[in-house]
Amino acid sequence: VSLLPYMEQSALYSNITAISPTISNESDPTKTWPCAVGDNISQYQNSIPILGCPSDGAYGSPSPRQMAGSNYMGSVGDAPWWFGGNESGRNDRGFFGGGVDCHEPGQVSKSPPIYRRMSALTDGTSNTAMMSETVRGTAAGSKMVKGGVAVVTSAIPADCAAVDRDPGSRNAFAATVETTGYVRGAAYCDGRAPFAVFQTILPPNGPSCSSGEENPGWASGYYSASSNHTGGVNVLVGDASVHFVSDTINCATDDDRGGQAFDGNNLPTGRSPFGIWGALGSINGGESESAF
């Protein structure tokens, strides 16, 4: 929503901020920002063509949440994503460092959004992922690997990567796999993880998983970049260049990580434990190698 004025959508931005509740920072109540939730849902139904990827079909079709969706996700780096509720587990290694979900006017937050300065990208702007594309889910509870979100009991990378696929189609989860009602990219105005972010943990076109069935935006999980392009995804990096990243990019293995299972309370530090892909996501891991 904050980017709308920069996409020739100033009128829509004004309409949204006029009806939306505001949320304030508990540590500094003088700082407030609009929360993209309000009573007038029609303001969020306006299609914004620039947010749709031509490879993903008719962008103007309604999303499962009856809001305009987006194919483009912000990078939160190489840490498990716990959106809200667990401030010690908030990721601060991605180009976008976090935000908050709010539904009530006047809500007070302990977790204000993190805004980056370019100087924070100490690994270099050309080595840091900013955004990527993701196939939008077309129906709540989607069983498709691209667009759907599988429910896992233990949100660690190995469990997500091992979610069963349909024997007849590697593009779908097995019928026995439970999936969430929240699907990828279904609401551009909602900052929760299924709708807005990806991580550089599982490889491009890998599965997305959450430990929270009812509200995966408030649970630990993994959200992958995906596309309908053959063999990879397009990634925008901090110097404003776009590169194609292969599905086979090095993401490291459990052996490379010493068997350590990262979750919402155990975050990476220093060099990324998720290989070249992870290094591309971290802004300050001390990695100089490039993925391109």
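A: What follows is a conversation about selected features of this model, which is predicted.

Q: Okay, disulfides to begin with: how many does the structure hold?

A: The structure holds 1 disulfide, and it is formed by Cys-160 and Cys-209, whose sulfur atoms lie 2.1 Å apart.

Q: What about Cys-189 and Cys-251, buried or exposed?

A: Cys-189 has a relative accessibility of 7% and counts as buried, while Cys-251, at 11%, also counts as buried.

Q: Switching to the backbone, what is phi for Glu-8, and where does that residue sit?

A: Phi of Glu-8 is near 60°, which is a positive value in a residue other than glycine, and the residue is placed in the segment before helix H1, the helix spanning 10–19. As background, most residues other than glycine have a negative phi.

Q: Is Glu-8 buried or exposed?

A: Glu-8 is exposed, since its relative accessible area is 77% and the cut-off for that class is over 50%.

Q: And what about Asn-205?

A: Asn-205 also has a positive phi, near 70°, and it too is a residue other than glycine. It lies in the loop between strand S10 (197–198) and strand S11 (209–210), and with a relative accessible area of 12% Asn-205 is buried.

Q: Now aromatics: how many pairs does the count come to?

A: The count comes to 3 aromatic pairs. In one of them, Tyr-182 and Phe-195 have ring centres 5.4 Å apart and planes at 40°, so this pair is tilted.

Q: Where do Tyr-182 and Phe-195 lie?

A: Tyr-182 is in the loop between strand S9 (169–173) and helix H3 (193–196), whereas Phe-195 is in helix H3 itself, so the pair ties together parts that are 13 residues apart in sequence. Tyr-182 is buried, with a relative accessible area of 17%, and Phe-195 counts as buried at 1% relative accessibility.

Q: Which backbone atom does the side chain of Ser-70 reach?

A: The side chain of Ser-70 reaches the backbone nitrogen of Tyr-72 at 3.0 Å. Ser-70 itself is found in the loop between strand S2 (28–34) and strand S3 (72–75), and it counts as buried at 4% relative accessibility.

Q: Last topic, the sheet: what is the strand order?

A: There is an open sheet of 5 strands in the order S10-S3-S6-S13-S14, and its pairing is mixed. Its edge strands are S10 and strand S14 (242–246), each of which pairs on one side only.

Q: How many bridges join S6 to S13?

A: Strand S6 (residues 129–133) and strand S13 (residues 232–237) are joined by 3 bridges and run antiparallel. Among the residues involved, Ser-132 has Val-235 in S13 as its bridge partner.

Methods:
Residues are numbered from 1 along each chain as its sequence is written. This is a predicted model: local features need pLDDT of at least 70, side-chain atom pairs count only at pLDDT 80 or more; totals for chains, interfaces and linings use all residues. Side-chain values use heavy atoms; hydrogens and water are left out. Helices (H or I, at least four residues) and strands (E, at least two) are DSSP runs, numbered from the N terminus. Buried means under 20% relative accessible area, exposed over 50%, partly exposed in between (1.4 Å probe, protein chains only). A disulfide is a pair of cysteine sulfur atoms within 2.5 Å. Rings of Phe, Tyr and Trp (its six-membered ring) pair if their centres lie within 6.5 Å; planes under 30 degrees apart count as stacked, over 60 as edge-to-face and the rest as tilted. A polar contact is a pair of N or O atoms within 3.5 Å; within protein, one must be able to donate a hydrogen and the other to accept it, and residues adjacent in sequence count only if both atoms are side-chain atoms. Two strands pair if DSSP finds at least two bridges between them.
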